[in-house]
Amino acid sequence: MNKTIYIIGSGFASLSASCYLAQAGHKVVVLEKNPTLGGRARQLKKEGFIFDIGPTWYWMPDVFERFFSDFNKTPLDYYHLDKLNPAYEVYFSKEESKTISGNLDEIYEMFEEEEPRSSLHLKKFLESAQKNYETAIKELVYRPGVSPIELITPKTIIRANQFLSTIRKQVRKNIKSEKLIKILEFPVLFLGAKPSNTPAFYNFMNYADFGLGTWHPKGGMYKVIEGTVTLAKSLGVEFHTNANVEQITVENSKVKGITVNGIFTETEIVLSGADYHHTETLLPKEHRQYSENYWEKKTFAPSALLFYVALNKPLQNVSHHTLFFDCDFEKHAETIYDNPSWPDEPLFYASFPSKTDSSLAPKNKEAATFLIPLAPGIKDTMEIRELYFNKIIDRLEKVTNQEIKSNILFKESFCVNDFIKQYNSYKGNAYGLANTLLQTAFLRPKIKSKKVKNLFFTGQLTVPGPGVPPALISGKIAANLILKNMQS
Ligand SMILES: Cc1cc2nc3c(=O)[nH]c(=O)nc-3n(C[C@H](O)[C@H](O)[C@H](O)COP(=O)(O)OP(=O)(O)OC[C@H]3O[C@@H](n4cnc5c(N)ncnc54)[C@H](O)[C@@H]3O)c2cc1C
């Protein structure tokens, strides 16, 4: 029998779930509190400049292909994709940078130049990373995280030891150059934890990086949101923006309805793609599964200070994606994970997408986004933001050898307070719950509520974890669980 399913939020996970549920013949209504769709992947447009507010790296193109192919479509039906070459650039000090090519053989050459024999180690490392990628993407990440048994397959058993070692140990075993180590440890930062706290199995992110490459949807990541919304609408999904879900009503331990902008609507099934902690606060206390103490003890992915900057000239000596690792990573990481505070000297990421995509800035101008990872929950004021803006721009000017400050047309910022206000994010985390050993698969918050019948969760705080590809997968897992539940 067809049902009506209300979905809270319009991030990638909600959009993905909406498509699968509508395809199965149900009426699906998406409720988004903000004026525009896309959640953390929304867009800022101003004076001819276009910025992605959240994600900028398009990795794991196969996951996007698999998503669209479930609807007999391909990504190219919705957006144009380019493989970036160079994929990205990493600065280690003034005028000292390494370029990560879009071509694997050139990456091997770069490794060999930096450290003799390191390309041989890299080859072996990537072979294991590719096997892990295939095991993870084909066998593990689409599982619902219900039980540990899901993780036990002939392929995973032989890789079990990789859950006991860490990325840090694995990378440092054979590679000695600090620069190459930083490059190899970078991809797991997407999973939200330190390399010393991330199982070695997650080296599949290195295969995603060097093996599958970095892609760019023309017009920016928001084109992927637009494509997914177009697909959802074609399947009959209904969207409501400025629709703030204020309460989930429960009767006899079963969803009874939701209150949106003060108006109660009866509904049988609710799927929430809003942050998990926030969704539980919409329930009466006795129906919440996880206590405040539970969330307090979890390792959250970092928050971030972001700047979206319009420049009146194209910059020199930078690539589309540029990482500034010209300061002590360990010290910065300590301020994120061990002793939540502002870092003295932050490492930062900068994106200059107008370097490869002229649609993102007016002619002879540059659109720049800067991101400093931070501990969630730290004090956020306009004065602190300004201080850190000056810190990173001063460094950027020095390291890349050019004047920048006097070329700024406008800038906007986004930080902890905005994550909380705009997304109801726990402590202002930017991308959910980290993938540490104790927060992997069945150890993550559950997709199906154990206390309220017909209440489900999706998104970066549940399985499989942070990032756009995992969010698409999470939506599929949640939709499948809802459909299975209807049959039982
Ligand atoms: C700055 C930044 C950079 C990132 N970079 C990358 C990257 O380069 N590549 C990558 O793959 N991933 C990246 N990520 C991670 C990726 O963007 C996220 O993991 C993913 O977009 C999360 O999707 P989601 O559907 O789980 O949640 P969200 O996108 O957060 O969606 C949740 C939605 O619920 C809405 N909501 C909350 N409460 C309510 C309510 N009460 N009523 C109605 N609606 C509500 C929110 O407004 C939001 O729209 C980045 C994230 C950030 C923040």
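**Ground rules.** I am working with a predicted model, in which local features need pLDDT of at least 70 and side-chain atom pairs count only at pLDDT 80 or more, while totals for chains, interfaces and linings use all residues. I number residues from 1 along each chain as its sequence is written.

**Overall form.** I looked up the secondary structure and found 15 helices and 19 strands, these being DSSP runs numbered from the N terminus, with helices as H or I of at least four residues and strands as E of at least two. For the 488 residues a compact globule would have a radius of gyration near 23 Å, and the protein agrees with its 22 Å; the radius is taken over C-alpha atoms, and the globule rule is 2.2 Å times the number of residues to the power 0.38. The C-alpha atoms fill a box of roughly 65 × 55 × 45 Å along the principal axes. I noted that 50% of the residues count as buried, where buried stands for 20 or more other C-beta atoms within 10 Å, exposed for 12 or fewer and partly exposed for the range in between, with C-beta atoms placed from the backbone.

**Ligand shell.** I found 37 residues around the ligand, the closest being Gly-9, Gly-11, Gly-39, Pro-55 and Gly-459; a residue is taken as near if its C-beta atom, placed from the backbone, lies within 6 Å. Helix H1 (12-23), strand S14 (303-311) and helix H15 (468-487) each give two or more residues to this shell, and H1 has the largest share with three residues.

**Domains.** I recorded 19 residues of domain 1 in contact with 19 residues of domain 2, contact being C-beta atoms, placed from the backbone, within 7 Å.

**Core.** The largest nonpolar core has 146 residues, and those that touch the most other members are Ile-7, Val-270, Leu-271, Phe-348, Phe-370, Ala-478 and Ile-482; such a core is a set of buried Ala, Val, Leu, Ile, Met, Phe, Trp, Tyr and Cys residues joined through C-beta atoms within 7 Å. H15 gives the most to this core, with nine residues. I also looked at Phe-370, which, with residues up to four places away in sequence left out, touches Leu-306, Phe-307, Val-309, Phe-348, Ala-350 and Ile-392.

**Ile-269.** I placed this residue in strand S13 (residues 269-272), and Ile-269 is buried because 20 other C-beta atoms lie within 10 Å. Beyond four places in sequence, Ile-269 contacts Lys-3, Ile-5, Val-255, Asn-454 and Ile-482.

**Backbone details.** I checked two cis peptide bonds: the one from Asn-85 to Pro-86 has omega near 5°, and the one from Val-463 to Pro-464 has omega near -5°. Pro-86 is in the loop between strand S5 (81-83) and strand S6 (88-93), whereas Pro-464 is in the loop between strand S19 (455-457) and H15. Asn-242, not a glycine, has a positive phi of about 50° and counts as exposed, with 12 C-beta neighbours inside 10 Å. Ala-441 has a positive phi near 50°, lies in the loop between helix H14 (416-423) and S19, and is partly exposed, with 19 other C-beta atoms within 10 Å.

Notes. Contact = placed C-beta atoms within 7 Å.
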